[in-house]
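Here are my notes on the model, point by point. Please read them with the coordinates open.

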Amino acid sequence: MTLPAPRLIALPLVALGLGWAIMTLPRTLAMDGRAALLALALAVLGWVGTRIPESLVALGAVLVLVLGGVLSEAQLFAALGSELVWLLLAAFVIAAVIRESGLTARLILPLVRLRLGFGVFAMLLTLMIAATAFVLPSTSGRAALLLPVFAALADALPDARLRRPLALIFPTAILLSAGASLIGAGAHLLAVESIRAATGLRLGYVDWAMLGLPFALLASLAGTGLILWLFVPRALLRQPLKPADMPAPDADQRRRQGRIALVLAVVVGLWLGAGLHGIGMATVALIGALVLLTPPFTRRKSKEIFRAVDVELLLYMTATVLMAQAMTATGADRWLAGQALGRLPADLHDSLVAVVALMAVISVAAHLFVTSRSARAAVLIPAVALPLAGLGHDAALMILVAVMGTGFCQTLMASAKPVAIFAGAEGGGFTQGDLLRLALPLAPMVTALLMLFALAVWPAQLAGLRPAQAVPEMVAMPADPPMAAPAEPARPAAMPAAEQPAVVPVMIPVPVIPAEPAVGASRPVPRPKGLGLRAAAPVAKRAAPQTVPPDLRGLQHRVNRALRPAGIRITIR
């Protein structure tokens, strides 16, 4: 008799253990939140411990959430029409046209002819990828635009064993370098608004680059160096790239490549000018894809080009977005953040090293539970960074650590969209095992680098960015009794009033001199209503507060506007 493999025995036992552990959590987490957390935990187990395709695991987890009432069928079908899906669809079409025209091979040919060793070339490529963070406004857009570049480089590699490290370098550099630019991720705009509301410090495009560029470059180069060390044989590090054997383009092909390059320049220009014309990235990409499908730009039929669209990837990305929505809508993400914050011993509240270490670890690990970078920032800033600042630390520093730490998200296929895009890239790719092999040493490396900047670099930079006449006087607000919960639609299932956890007041530094925002950040979309959640238990109203000075009332309004995405409201009395 053949005994089952140990994995077939261990996986069901681990799944049962996870289910029992999550379902027996304290009642401070509602049942819908436990269901969302359990679905995510089982999906991670399926991605890491089985050979089932990641897309099937993600779709199965989402269907469980729909059947359990955590998500509605309307949300399931509406997610397929999200901006992300249309952006990726258009990006695949654009990449197919570019690849067919030979434009990317022509553009990288001068770089390949330098005959650099693969190790030096990888570092140079990392710097070039990092530079795109200053002109392209999202990591997904950068991944979509750089996908044909990867395909062209893969054909120029001297050894097939270099395809996997090359595929890992692209998403690693894209994600870790995003912190260099204010437009590198939507989470940065939320951080700027939160810093202004909490401290009065106004950060502009150049100010953010001064803070984020050194950290982002060091993190990106460290990630590339780790990839070279783990995945590239030593004999291949000095192997130069070989120029692809391609015939010289004729006059007609040159003209066609010039027209395609012009359309791409217009698309990127419209992306950069989105604040002026108001057209979204997905719509601009669709317009560009439609133009490139016409005869002046391609000789292939549109049916052949549409076959290049990775439908499995689109479904996989949709499923991961829905899982993130379930975690946010049920409050499971905020509950996890609160639990992590409560683990800091009281005697370490005054220790900047301990507080920065806790903030760095939480922000780096948050991608395991919340897959959207902007959603992670919307949770971590009000639920962790500001309460830690209330212990007597600089709120701007805590917010900066929280947001920069969200750039690490290379542990799972579902952790970031660029990871999923390059994992299944034509001519290369990598597996979940490769990601884990990279993430295990890279996560502590990024955490240590984050702590180094938070303790030795950023405090002096932030002090220099505060003019002497504009330094706000930090007033510690006295401890206040638990405040009434603000009215909020469709929160997780209610508990009996006697079992609701008390709200622990924190000391929040409040600037006396408010300042106007330097960056007009767009407000994140509020959480969807409904989701089959039960109404929250009524909370007794407090007596009318005493009159608040006008300057503090204005400050309270701006702080609450920044914290609105997380459903948190602060009252100054």
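1. Helix α20 spans residues 395-405 and is mostly covered, with 11 of its 11 residues buried. Buried means under 20% relative accessible area, exposed over 50%, and partly exposed in between, using a 1.4 Å probe and protein chains only. The buried residues of α20 include L397, M398, I399, L400 and V401. A402, V403, M404 and G405 are also among them. Helices here are DSSP runs of H or I of at least four residues, numbered from the N terminus.

2. A side-chain oxygen of D394 comes to within 3.1 Å of the backbone nitrogen of A396.

3. A note on the source. This is a predicted model, in which local features need pLDDT of at least 70 and side-chain atom pairs count only at pLDDT 80 or more, while totals for chains, interfaces and linings use all residues. Residues are numbered from 1 along each chain as its sequence is written, and side-chain values use heavy atoms, with hydrogens and water left out.

4. T411 lies in the loop between α20 and α21 (417-423). T411 has a relative accessible area of 14% and is therefore buried. Its side chain joins that of H367 in a polar contact of 2.8 Å. Such a contact is a pair of N or O atoms within 3.5 Å; within protein, one must be able to donate a hydrogen and the other to accept it, and residues adjacent in sequence count only if both atoms are side-chain atoms. Leaving aside residues up to four places away in sequence, T411 touches H367, L368, Q432, L435, L436 and A439. Contact means heavy atoms within 4.5 Å.

5. How do α7 and α9 pack? Helix α7 (residues 118-131) meets helix α9 (residues 163-177) at an angle of about 40 degrees, and their axes are 9 Å apart. Axes are lines fitted to C-alpha atoms, for helices over the stretch in contact, with angles from 0 to 180 degrees between N-to-C directions. The pair is therefore oblique; under 35 degrees would be roughly parallel, over 145 roughly antiparallel, and 65 to 115 roughly perpendicular.

6. On the α7 side of this contact are A122, L125, T126, I129 and A130. They meet L166, I169, F170, A173, I174 and S177 in α9. The contact residues divide into 9 nonpolar, 2 polar and no charged.

7. Q461 sits in helix α23 (residues 458-465). Q461 is partly exposed because its relative accessibility is 23%. Beyond residues up to four places away in sequence, Q461 touches M210 and L211. The C-alpha atoms of Q461 and L211 are 7.2 Å apart, across 250 residues of chain.

Methods: Helices (H or I, at least four residues) and strands (E, at least two) are DSSP runs, numbered from the N terminus. Ala, Val, Leu, Ile, Met, Phe, Trp, Tyr, Cys and Pro count as nonpolar, Asp, Glu, Lys and Arg as charged, and the others, Gly among them, as polar.
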